[in-house]
Amino acid sequence: MRLTLSGLDSNRGPEVDVTFRKFKNIDGVLWPTDFDERIRSPLKLHAHNWKLRGLESNRGLSAHYLKLLQWTGKTAKPSVTISR
């Protein structure tokens with residue numbers, strides 16, 4: 001994916017690309033689990049890379065659960081770690 005950064009005045013204009021790698025099927029969706037970001041313009045630099053460590057879909061939450069001031073039970077549980 002190639003994109004430009006224009007969110008803040010301090011970083012207007014650079015062009016970056018993010019490479020998605022190491023896809024894993026989770027609940028019928030193919031998710032990338034490894035990402036690599038490189039600045040392409042105005043300089044050619046490696047920015048950083050990161051990994052998706054956990055993902056969970058469809059915990060059975062409704063909008064009510066997400067509006068709570070403090071999460072408990074299903075909402076407070078950490079996501080499931082992705083097996084490698």
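Trainee: In what order do the elements of the protein chain run from the N terminus on?
Mentor: The order is β-β-β-β-α. That makes four strands and one helix. Keep in mind that this is a predicted model.

Trainee: What share of the 84 residues is buried?
Mentor: Buried residues account for 17% of the protein chain.

Trainee: And the accessible surface, how much is there?
Mentor: About 6,500 Å² for the protein chain. Carbon and sulfur atoms hold 57% of that surface.

Trainee: Which residues make the nonpolar surface patch?
Mentor: Leu 61, Leu 66, Leu 68 and Trp 71. Together they form a patch of about 350 Å².

Trainee: Where does Leu 66 lie?
Mentor: Leu 66 is in helix 1, which spans residues 63-66.

Trainee: Switching to strands. In what sense do strand 3 and strand 4 pair, parallel or antiparallel?
Mentor: Antiparallel, over six bridges. Strand 3 covers residues 29-41, and strand 4 covers residues 45-51.

Trainee: What joins strand 3 to strand 4?
Mentor: A hairpin does, through three residues.

Trainee: Which residue in strand 4 is the bridge partner of Glu 37?
Mentor: His 48.

Trainee: What about Thr 33, buried or exposed?
Mentor: Thr 33 sits in strand 3. Its relative accessible area is 3%, so Thr 33 counts as buried; the cut-off for that is under 20%.

Trainee: What lies 2.5 Å from a polar atom of the Thr 33 side chain?
Mentor: The backbone oxygen of Lys 22.

Trainee: Now Thr 81. Where is that one?
Mentor: Thr 81 is in the segment after helix 1.

Trainee: Why is Thr 81 classed as exposed?
Mentor: Because its relative accessible area is 63%, and exposed means over 50%.

Trainee: Which residues does Thr 81 touch, leaving out those up to four places away in sequence?
Mentor: Arg 53 and Gly 54. Thr 81 is also 9.1 Å from Leu 52, C-alpha to C-alpha. Those two are 29 residues apart in sequence.

Trainee: How accessible is Glu 15?
Mentor: Glu 15 is partly exposed, at a relative accessible area of 25%.

Trainee: Last one. Of contacts between residues at least 6 apart in sequence, what share joins residues at least 24 apart?
Mentor: In the protein chain, 27% of them.

How values were computed: Residues numbered from 1 in each chain as written. Predicted model: local features only at pLDDT ≥ 70, side-chain atom pairs only at ≥ 80, totals over all residues. Heavy atoms only, no water. Patch = residues over 30% accessible without salt bridge, like charges linked within 9 Å, V, L, I, M, F, W, Y side chains within 5 Å. Areas by Shrake-Rupley, 256 points an atom, 1.4 Å probe, with all protein chains shown as cover. Salt bridge = Lys/Arg side-chain N within 4 Å of Asp/Glu carboxyl O. Helix = DSSP H or I, 4+ residues; strand = E, 2+ residues; numbered from the N terminus. Pairing = 2+ DSSP bridges. Buried < 20%, exposed > 50% of the residue type's maximum accessible area, 1.4 Å probe, protein only. Contact = heavy atoms within 4.5 Å. Polar contact = N/O pair within 3.5 Å; in protein donor to acceptor, adjacent residues only side chain to side chain.
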